[in-house]
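The report below describes a structure, taking the contact between its chains before the elements within each chain.

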Amino acid sequence: MSDSGSCHGAAPQTVSRKEGHYVALVGPPNAGKSTLFNRLTGLRQKVANFPGVTVEHHVGRVKDSTGRELFVVDLPGIYSMTPRSEDEQVTYDVLTGAKESLGLPDGIILILDSTNLQRHLVLAAPVLALGLPTLVVLNMADDLEARGGKVDPSALAREIGAPVALISAASGQGVERVVQFLQGTGARPVVPQPRVELPVLPNLPARRRWAGRVGLQAGYTPPAPPEWTRRLDRIFLHPVLGPLIFLVVVLAVFQGIFTGAQPMMDGVESLIGWSGERLGNLLPEGILRSLLVEGVWGGVGSVVVFLPQILLLFLFIGILEDSGYLARAAVIADRTMSRVGLQGKAFIPLLSAYACAVPAIMATRTIENKRDRLATVLIAPFMTCSARLPVYTLLIAAFVPNTPIVGQLLGLQAAVLLGLYLLGFAAAVGTALLLRSTVLRHAKTTFVMELPAYRRPSLRSLLLRLIDRAVIFLKRAGTVILLVTVLLWVLAHLPYKDGKAPPIEESIAGQIGRAVEPAIQPLGFNWKIGIGLITSLAAREVIVGTLGTIYGIENAEQDSPPLIESLRKDLTPGGAFALMIFFAFAMQCFSTVAIVRRELGSWAWPAAQFAYMGLLAYFGALATNQLWLHFR
Amino acid sequence: MQLSFKNGAAQTLAQLPTGSQAYLERLDLPEEMSQRLMELGFLPGTSVVAAGSAPGGDPRIFRVDGSEIALRRDTACRLYISAEPIPDLDQI
């Protein structure tokens, strides 16, 4: 670490003028902005939303040697100062002071890739023209040197009239120059006089020619082509080997998420169970204990269990992304995806959606084309996420005999599970095709992808990203699930009669279940399933806990049989299969609805999506149960 | 590859054989798309090399202004090229 600050608490959710000086970090995508940001701020960073927009940013703080604190805001990557996407608009607004709550930045750190300096310098002209104290950072100095390139930072500084630092954010080389700049921020800026006035540059070609001249004056020698990258691309994009490696990578990620995370998930689960029991022992028997142990601990715990899986997914994606392979994977996937009206960049979010739709939908931000991003967000929740797994497992265990189909290789139970995965995939593809021929008929899908040089991922930035993800996941999922479970617990215990909770059938939750029963009876569901369908609106796996609670309360007098036995008595096979189909299609996940609203910026899309998936689920389940009734 | 064009006969980037080089003449694309491609280096007059392609031949990968960019064929066929350098760029 080259900054002198000590670890402090979290930055506020939004930055405002009152809170002190701030410096904006800008640059083109792939220039190493996030790496520099991580190096400057370490763990003293937080994800923040700018007021009024749905774009997420990182805000971190740096404390200098005098104890003064200032904020560094990591802005979305831009190629030019002509804003077109929502991301670029935010960067533009911040730099021009259009964000009133924030005001003009006290300084700008413009980070450019020194291995491709002349193209990146194009961005320097409009940023310097803003007239704010600016440090131009030329990143990847180690790469430039290793490949025989050269640049004279002080000559460049004279040409453009702004201080220039040649650094490597990944290794930390030269980062002290950036810290020095930060320390001077807010004081009267010391800016060297430009040797020539920066010319007025009307358009991109003119700016590019200017950048070329400036680069020449600064003694810039472009580095030799990245030989290793070309060699690796001959393998990874090979007509035969390429797709094979692609498949192996996808399967390895898949296998890793499910098999690799299992021991960790079991560990977390037993830790939660153990601590819940401990908590229960500490409290006297009664309402408070029941609420805390069954409601809060059980409910929140059922979500926290998924943390290892989600972190593992982000670890894999982080490694693939930082190494540069993900860009190649998108190129390989593009042709297939274009056939269903999607594009290569959608491949990553859709793969992530097999773990959880929430991070998957956040990952669609890398798709700049609005039409393609919308299509990806709308189909992602059909992918069989890990929250469906507990529901499927329970129902299959209860209703499908494990007769072998292909010898010892494939049993009927596994085949049914595989079928459900395929069903979700087919629904996603079908929906993508439907969108292409209806609402998205007129917009064209496009694909433009810069292929960065391969790099070794840094452990540091991977870890920081994982911590970041863990905090976001726990905070978001935790708050929603907490509210719903407490609410369900309350509804299942009211109204009080003679000083104790009523039988579940007569509780408010039970009455709600009875009220929806007529609508779901043709699907083969009774009122208990009805309650489960309602509670699982919060998150799919909640239905397992809910049914456990309901059957548990119902059979409180006798030795309660296991959940599987109770289900077998209470549900017909037709109803059970209908329930599986229902869960394959329905958007039973409050977090997903909320994230779609946030990412697409309106309630209309998540509402339409929820209705569409709900109708598909209802009629799919109806058809399943009716077919069973007909043919049994 | 089904392309039998000599480098000189290729009119668009989609036809440029892998390993060949040409100069970009103009972009015939909607404003937003051509602006984005220009930001990535596809400026009229720039030298472009066809570097390879995804397995199956689409998208294709081009080397332009120090980086490698993947484009679909239906985009590449709207980028017109010339075998000779283009003079008088300052007039554009």
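How many salt bridges does the rule find across the interface of chain B and chain A?

## Basis of the model

This is a predicted model, in which local features need pLDDT of at least 70 and side-chain atom pairs count only at pLDDT 80 or more, whereas totals for chains, interfaces and linings use all residues. Residues are numbered from 1 along each chain as its sequence is written, chains are lettered from A and ligands numbered from 1 in the order in which they are written, and side-chain values use heavy atoms, with hydrogens and water left out.

## The interface of chain B and chain A

The rule finds four salt bridges across this interface, a salt bridge being a side-chain nitrogen of Lys or Arg within 4 Å of a carboxyl oxygen of Asp or Glu. B:Arg72 forms a salt bridge with A:Asp334, with 2.8 Å between the closest N and O atoms.

Helix 1 (31-39), strand 3 (60-64) and strand 4 (67-71) of chain B each supply at least two residues of the side that touches chain A, helices (H or I, at least four residues) and strands (E, at least two) being DSSP runs numbered from the N terminus. Helix 1 of chain B gives the most to that side, with seven residues. The contact (heavy atoms within 4.5 Å) takes 30 residues from chain B and 32 residues from chain A. The two chains bury about 2900 Å² between them, 54% of it on carbon and sulfur atoms, where buried area is the accessible area (1.4 Å probe) that two parts lose on being put together, summed over both. Of the area that chain B buries against chain A, B:Glu39, B:Pro55 and B:Arg72 supply 25%, more than any other three residues.

Strand pairing also links the chains: strand 10 (residues 448-451) of chain A and strand 4 of chain B pair in the antiparallel sense over four bridges, pairing requiring that DSSP finds at least two bridges between two strands. Here B:Glu68 is the bridge partner of A:Leu451.

## Strand 5 of chain A

Strand 5 (residues 107-113) of chain A is largely enclosed by the rest of the structure, because seven of its seven residues are buried; buried means under 20% relative accessible area, exposed over 50%, and partly exposed in between (1.4 Å probe, protein chains only). A:Gly107, A:Ile109, A:Ile111 and A:Asp113 are buried on one side, and A:Ile108, A:Leu110 and A:Leu112 on the other.

Strand 5 of chain A pairs in the parallel sense with strand 1 (residues 22-26) of chain A over four bridges, and A:Ile108 is the bridge partner of A:Ala24. Strand 5 also pairs with strand 6 (residues 134-139) of chain A, again in the parallel sense, over six bridges, with A:Val137 as the bridge partner of A:Ile111.

## Helix 21 of chain A

Helix 21 (residues 527-535) of chain A is mostly covered, eight of its nine residues being buried, including A:Trp527, A:Ile531 and A:Leu533. At the start of this helix, a side-chain oxygen of A:Asn526 reaches to within 3.1 Å of the backbone nitrogen of A:Lys528.

## Chain B as a whole

Chain B has two helices and five strands, which follow the pattern β-α-β-β-β-α-β along the sequence. Of its 92 residues, 55% count as buried.

Notes
A polar contact is a pair of N or O atoms within 3.5 Å; within protein, one must be able to donate a hydrogen and the other to accept it, and residues adjacent in sequence count only if both atoms are side-chain atoms.
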